[in-house]
Amino acid sequence: MARRIAAGAAFGGGSIGLLGAAGMGVMLAEVQLAKRRVGTPDAPIPANGNGWYGLAFGEARSLRIGVIGDSLAAGQGVRRVGQTPGALLASGLAAVAERPVDLVNVALPGARSNDLDRQVTLMLSDPSRLPDVCVVMIGANDVTHRMQPTQSVRYLSAAVRRLRTAGAEVVVATCPDLGTVEPVYQPLRWLARRTSRQLAAAQTIVTVEQGGRTVSLGDLLGPEFEAHPSEMFGPDHYHPSVDGYATAAMAVLPTVCAALDLWPETDRLDVLRDENMLPVAKAASEAASRGGTEVTGARAPWALLKHRRRRHLPAQEPAPSEARQDS
């Protein structure tokens, strides 16, 4: 299915349905029930955190990281700037590189993939602040708003292509597993999980084709969110908590660093950690079912499937002497 979605995006295919009319009726009923139980996802939206991190390393040889996407990229649900994924990634990147990092975050809560073109335009609007690496977090709203997956990945493919053409490395955190949302029951839970994973796999295929890398969030967050929902979800039972965002950022940071040749691990495959070289579609499917998995293009049509070792992220918001925030 992921191959069909990606092919449909590349060649202008139409919709790819997952359910018949009867199944759709059941799903819509479950959606309404889930909406009543979840309520309105009106968690607080923190400041974007744009500005400098790690200024103690001096301003020479600085790096610039961009963040685009939806509420997950924006960090909706936490109250402190330093708890957002962008700030965590910028702080972590500064610590690994021992260089200052300039964060530019243009993510918009509620955004779907059709907003990526606008966000990329904003990201590239200032030639003096072009990103060295850009992190994309998108897909959850595409699933909940029933955007056609072929359209979804077509928008993502175009965004990755524009960023790569501008010289930025691109890391896409693929669609999270919406089957972990606590108040959602069967059969909607099964459908949400299946749809999320199919979209995540298709996102991986088109991203690798455009020269980017992906990190799977679905299965990484899934078991942990299911086992500890009160800790991993925020007050609205929809957006992640502080710990949830830290878990996601910790999974993405190694790939961001590897894309910039900063991560100490080599690209040699470790069979003891189930790393492998597989056809892109097979690697995408494997990654969608196992969170924290990186997929990087190799010789076409092959891709590297890696599970990089994670490091702890800075847990506190940078002090004024360490980070200068733009308004």
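1. Among contacts (heavy atoms within 4.5 Å) between residues at least 6 apart in sequence, 79% join residues at least 24 apart. The structure is a predicted model, in which local features need pLDDT of at least 70 and side-chain atom pairs count only at pLDDT 80 or more, while totals for chains, interfaces and linings use all residues. Residues are numbered from 1 along each chain as its sequence is written, and side-chain values use heavy atoms, with hydrogens and water left out.

2. The protein has 12 helices and 10 strands, these being DSSP runs numbered from the N terminus (helices H or I, at least four residues; strands E, at least two). Of its 327 residues, 54% are buried, where buried means under 20% relative accessible area with a 1.4 Å probe and protein chains only.

3. In helix H5 (residues 116-123), the buried residues are Leu-116, Gln-119, Val-120 and Met-123. Seen down the axis of H5, these buried residues fall within an arc of 100 degrees, so they line one face of the helix; the arc is taken from the directions from the helix axis to the C-beta atoms. The buried residues of H5 pack against strands E2 (63-69), E3 (101-105) and E4 (133-137), and against helix H7 (149-165).

4. The axes of H5 and H7 come within 9 Å and cross at roughly 15 degrees, with axes fitted to C-alpha atoms over the stretch in contact and angles running from 0 to 180 degrees between N-to-C directions. H5 and H7 are therefore roughly parallel to each other (angles under 35 degrees), and H5 passes H7 in a right-handed crossing, meaning that the near helix is turned clockwise from the far one by less than a right angle. On the H5 side the contact is made by Leu-116, Asp-117, Val-120, Thr-121 and Met-123, and on the H7 side by Tyr-155, Leu-156, Ala-159, Arg-162 and Leu-163. These residues divide into seven nonpolar, one polar and two charged (Ala, Val, Leu, Ile, Met, Phe, Trp, Tyr, Cys and Pro count as nonpolar, Asp, Glu, Lys and Arg as charged, and the others, Gly among them, as polar).

5. For helix H4 (residues 85-97) and helix H11 (residues 242-259), the axes come within 9 Å and cross at roughly 40 degrees.

Terms used:
Buried means under 20% relative accessible area, exposed over 50%, partly exposed in between (1.4 Å probe, protein chains only). Angles under 35 degrees count as roughly parallel, over 145 as roughly antiparallel, 65 to 115 as roughly perpendicular and the rest as oblique.
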